Amino acid sequence: MMNRQEIDKLVQQMNVDTATGEVNPRVQQIVVRLLGDLFQAIEDLDISQTELWKGLEYFTDAGQANELGLLAAGLGLEHYLDLRADEADAKAGITGGTPRTIEGPLYVAGVPESVGFARMDDGSESDHVDALIIEGIVTDTAGNKIPNAKVEIWHANSLGNYSFFDKSQSEFNLRRSIFTDTNGQYVAQTTMPVGYGCPPEGTTQALLNLLGRHGNRPSHVHYFVSAPGYRKLTTQFNIEGDKYLWDDFAFATREGLIATASEVTAVEEIKKYNLDQPFKHINFHFQLVKDTQQVPSTEVNRRRAAA
């Protein structure tokens with residue numbers, strides 16, 4: 001058995017003292033710390049060589065299946081980063097604004113853009129899925145409307161699948177960027193999303209099974225909301241009434257991020273939105289926080305899909 005002092009000395013000898021080229025100090029710092037923590041866990045838990053190699057094989061398989069982003073959400077890593085960001089905001093004196101929550105792994109850049117209104121669905125599910133109108137106002141924390149704010153929206157179809165990743169869907173289905181109009185308003189015509197589960201035979205669900213956990217999410221809609229001079233907001237709302245509303249395997253449900261879908265049957269309202277049948281309606285507004293140099297950035301540099 002090695003104690004922590006011996007472990008740290010060994011890691012130093014192998015990954016610091018052996019350096020002969022230019023060193024990235026931050027990468028070195030992180031690798032040394034994580035490797036030391038891993039060695040300590042091997043000692044504390046008596047992790048066998050077989051268990052270690054099976055773990056490495058798991059990460060190899062998860063990477064090949066493109067599920068590491070899903071795994072980060074499912075194990076609570078993404079939610080933990082949100083909690084850290086909340087704490088950093090609090091320490092910087094930042095209050096108000098729409099709550100943040102996880103981005104997830106299914107954003108796609110380069111979607112069609114419009115001003116004020118966009119139809120997000122391609123009509124392929126209109127015969128068996130309720131139409132949905134989502135609209136809202138983007139303001140600052142004082143209630144001032146923000147015109148030309150960029151509202152990026154994406155969600156799953158009625159089978160719980162996302163376009164781009166699901167090749168059976170048309171390009172950009174249920175994905176749009178809407179710039180708010182002069183009144184700070186955005187309106188999206190789409191279809192009711194449903195929750196989804198991790199691929200049942202996938203690597204994430206395989207691990208969740210060993211942990212005795214399900215891999216289901218409630219119905220939800222993702223957002224990036226941004227405007228010059230304001231902090232970018234990454235968030236989503238979950239829809240009231242879903243059985244997994246407070247049992248989200250990705251831990252994304254937060255107070256202030258729950259939307260109610262109301263049934264609209266009045267003929268005048270149906271005509272107002274140029275629809276020909278009853279539909280669901282959600283009002284969801286956003287408050288952006290003004291940006292200053294003294295506060296932590298909300299921009300996250302990570303690899304994302306692009307169409």
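Which residues in α1 meet which residues in α2?

**View 1. Residues at the contact of α1 with α2 in a predicted model.** From α1, the residues Arg-4, Ile-7, Leu-10, Val-11, Met-14 and Asn-15 meet Gln-28, Val-32, Arg-33, Leu-35, Gly-36, Asp-37, Phe-39, Gln-40 and Glu-43 of α2, where contact means heavy atoms within 4.5 Å. The residues of this contact divide into seven nonpolar, four polar and four charged, with Ala, Val, Leu, Ile, Met, Phe, Trp, Tyr, Cys and Pro counted as nonpolar, Asp, Glu, Lys and Arg as charged, and the others, Gly among them, as polar.

**View 2. The crossing of helices α1 and α2.** The axes of α1 (residues 4–15) and α2 (residues 25–45), which are lines fitted to C-alpha atoms over the stretch in contact, come within 9 Å and cross at roughly 135°, the angle running from 0 to 180 degrees between N-to-C directions. That makes α1 oblique to α2, since angles under 35 degrees count as roughly parallel, over 145 as roughly antiparallel, 65 to 115 as roughly perpendicular and the rest as oblique.

**View 3. The protein chain around these helices.** The protein chain has seven helices and 14 strands, taken as DSSP runs (H or I, at least four residues, for helices; E, at least two, for strands). Of its 307 residues, 42% count as buried, that is, under 20% relative accessible area with a 1.4 Å probe.

Residues are numbered from 1 along each chain as its sequence is written. In this predicted model, local features need pLDDT of at least 70 and side-chain atom pairs count only at pLDDT 80 or more, while totals for chains, interfaces and linings use all residues, and side-chain values use heavy atoms, leaving out hydrogens and water.

Conventions:
Buried < 20%, exposed > 50% of the residue type's maximum accessible area, 1.4 Å probe, protein only.
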